[in-house]
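Here are a few exercises to work through with the model open in your viewer. Try each task before reading its solution.

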Amino acid sequence: MAAVTMPRMEAAAITLSVFMDWQAFWLTMRLAFSVTALLLIIGFPLAYWIAFSKWRWKFLVEAIVGLPIVLPPTVLGFYVLIALGQRSLFGRWWQSMTGHTLAFTFAGLVIGSVLYSLPFAVQPLAASFANVDSRLLAASAVLGVSKLQTFWRVIVPLSTSGLVTAMALTFAHTMGEFGVVLMVGGNIPGVTRTLSINIYDQVQDLNYSAANTTALVLGAIAFMLLSLVYSFNRRLWKVWPRI
Amino acid sequence: MVLKGIGFSRSVSRADQRGFSRWGAAVLKNPADNVIESAKPRLQGPTDPAVQVRIQKKREDAFELDVAFTIAQGITIIFGASGAGKTTLLDCIAGLTTPEWGHIAVGGRVLFDSDRGINLPVQNRRIGYVFQDLALFPHLSVKANVVYGLSGIHGQECEQRVHKALDTLSILPLRDRRPAQLSGGERQRVALARALVTEPSILLLDEPLAALDLPVRMKIADDLRCSIQNLPVPVLYVTHSRDEVFMLGERMLVLERGKIIAQGTPHEVLSAPRGETVAQLAGFENIFDAQVTAIHEERGTMTCRVGSTRFETAQVEIETPLVHAVQDAKLRVGISAGDVLLATSVPVGLSARNILPGRLLSLAQRDMIIVARVDCGVELSVHLTLGARDSLELVPGRQVWVIVKTHSCHLLAE
């Protein structure tokens, strides 16, 4: 079995290559930062609405936001590709405005990634917003403070753990996505070739040592981010040893 | 110095000097209260309605609040069991919940009027509300909590007002602490400072002492009384503790299942309770159905036949104070377990008019009190000290005589 799928594996143990595609690395970072920043801007109002709206059909919106968790990335990628391309109204409008399509560009990649990582930003935010004691919000209103001010002065400061979780999960999730990137962005060096695509290419070229390095870098960053989240939440649980 | 800014003689006359000086000039000097600031004699008498409330509010659990009252400046207690609608009433005044129908006005300003379509948003009502759980912002320091409501005020005036509020409530040294680092009493004062620094037109206090331990509660209740009793705004104080009622209240409203069933001074309301809930809250462990069998106008008493609500068979006659009732009228009688005496032989030469033979059913110790149950035709709870039990050698089954003064029998309306 192993001989069929991995012919070179038997020949030599996998080594670590010093080679690293820094262009793909920085592109991935740029993508992850952009998507995290955009999702904070979109996530705040959306999470606030999900946490506090009493609209009876709210669950439909929640289901749509959660969809990317269960959907195959290729399904989402396919529809984003269609929406960005010339077949859609939006795609045609964009092309008439800018002269080129969004598909297979960095901006298109950002749009696809924002949609794909939406639940990872919105759900932790909405959960921690809803978790803020409603009596504190009442106290703020009674003291004459507007809802928007209450959001910034009470809800956000008391939702730091949700904020850190949302940012770290969005960042890590965007960094590691593959299907959506491939569908929407293709594989253009310096434009849409991210680290996860890079690994795929390197394995296709049977360059296992380079793939190993790239995979280790991605794994290490993801581990650091998740450690940050858990250590932060742990501190808030008050089981952190007192100094 | 102390008297600066307090110009209304009404407060001076009844002021407890300590509470008076503690608030001093600190509170309430907004343009609307210029009368106070300019030290003119206050035109508004204590009976002028500072607050008018007439509302109906249905809750999802089929509970309905239906109240109408006016109150004057000073402390008014709202007394009732949990679930009577006390917090719902405060929330309606604060604007946190909207009544179906009614009218709410504070100091002449209409906050809510269903007929005229007025419903001021919470933010614009100028309410001081101290919540049951205090609702201090846990991420802010004491000072930041107090500053929180002063959004439109900046610079030196803001500093001064906060400093004064912290100082008058003696929490100035705690200004940099977080709420989690404060004791219950300190948190309480921070919540009060936060509400008062905004110069509200009414102060609402929702069981502010409920979260405190019993030993410190009375001490803090005293501090609280000093802090609030001379405020030139109406204070609505919600509680279900009779100790707090007698300690704080000049006037009280009794709320039962969403309705006001009694109002007046605490003494009037609790010493002559009308409803059964009040009677139980006021400390009547024994409540019996009674029927008037004879009226003695000249002696100011009546004879009533009482039967326990649980044991209809046995009945006994007792003498009670005279009330407006006719022969055979049905009433209820409340007797506090602490007002009943026990004797182990027939007592002679007593002024008490009700001496009933009975049998001791059980003795149970509750904290430092012995609760004895006696069958004397009706079943009666009696509170005794540990020493009384021991010296009388009381054991279940023993023959005893129960002694109740006429005026310890409180008649309640059905």
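Read along the sequence, chain A runs α-α-α-α-α-α-α-α-α-α-α-α. This is a predicted model, in which local features need pLDDT of at least 70 and side-chain atom pairs count only at pLDDT 80 or more, while totals for chains, interfaces and linings use all residues. Residues are numbered from 1 along each chain as its sequence is written, and chains are lettered from A and ligands numbered from 1 in the order in which they are written.

## Exercise 1: the two chains side by side

Step 1. Chain A has 12 helices and 0 strands, and chain B has 12 helices and 21 strands. Helices (H or I, at least four residues) and strands (E, at least two) are DSSP runs, numbered from the N terminus.

Step 2. Now burial: a residue is buried if 20 or more other C-beta atoms lie within 10 Å of its own, exposed if 12 or fewer, and partly exposed in between, with C-beta atoms placed from the backbone. Of the 243 residues in chain A, 38% are buried; for the 414 residues of chain B the figure is 39%.

Step 3. Two residues are in contact if their C-beta atoms, placed from the backbone, lie within 7 Å. Take the contacts between residues at least 6 apart in sequence: in chain A, 74% of them join residues at least 24 apart, and in chain B, 67% do.

## Exercise 2: checking confidence

Step 1. The model scores ipTM 0.76 and pTM 0.69.

Step 2. Chain B has a mean pLDDT of 79, with 82% of its residues at 70 or more; pLDDT is the predictor's confidence in each residue, from 0 to 100. Over residues 1–47 of chain B the pLDDT is below 50, and this stretch has 61 contacts in the model beyond near neighbours in sequence.

## Exercise 3: where the chains touch

Which helix gives the largest share of the side of chain A that touches chain B?

Step 1. Count both sides: 13 residues come from chain A and 15 residues from chain B.

Step 2. Helix α7 (residues 134–142) of chain A gives the largest share of chain A's side, 6 residues.

Step 3. Sort chain A's side by type and you get 10 nonpolar, 2 polar and 1 charged. Here Ala, Val, Leu, Ile, Met, Phe, Trp, Tyr, Cys and Pro count as nonpolar, Asp, Glu, Lys and Arg as charged, and the others, Gly among them, as polar.

## Exercise 4: two partners of α9(A)

Describe how α6(A) packs on α9(A), then do likewise for α2(A).

Step 1. Helix α6 (residues 106–131) and helix α9 (residues 160–176) of chain A pack at about 165°, their axes 8 Å apart. That makes α6(A) roughly antiparallel to α9(A). Axes are lines fitted to C-alpha atoms, for helices over the stretch in contact, and angles run from 0 to 180 degrees between N-to-C directions. Angles under 35 degrees count as roughly parallel, over 145 as roughly antiparallel, 65 to 115 as roughly perpendicular and the rest as oblique.

Step 2. Among the residues making this contact are F120(A) and L125(A) of α6(A), and L169(A) and H173(A) of α9(A). By type, the contact residues of this pair divide into 8 nonpolar, 9 polar and no charged.

Step 3. Helix α2 (residues 22–52) of chain A packs with α9(A) at about 140°, with axes 9 Å apart, so α2(A) is oblique to α9(A). The contact includes V35(A) and L39(A) of α2(A) and M167(A) and F171(A) of α9(A). Its residues divide into 9 nonpolar, 5 polar and no charged.

## Exercise 5: N198(A) and L206(A)

Is N198(A) buried or exposed, and what about L206(A)?

Step 1. N198(A) sits in helix α11 of chain A. It counts as buried because it has 24 C-beta neighbours inside 10 Å.

Step 2. Leaving aside neighbours within four places in sequence, N198(A) is in contact with D21(A), A24(A), R193(A) and T214(A).

Step 3. L206(A) lies in the loop between α11 and α12 (208–236) of chain A. L206(A) has 10 C-beta neighbours inside 10 Å, so it counts as exposed. Its phi is near 60°, a positive value in a residue other than glycine.
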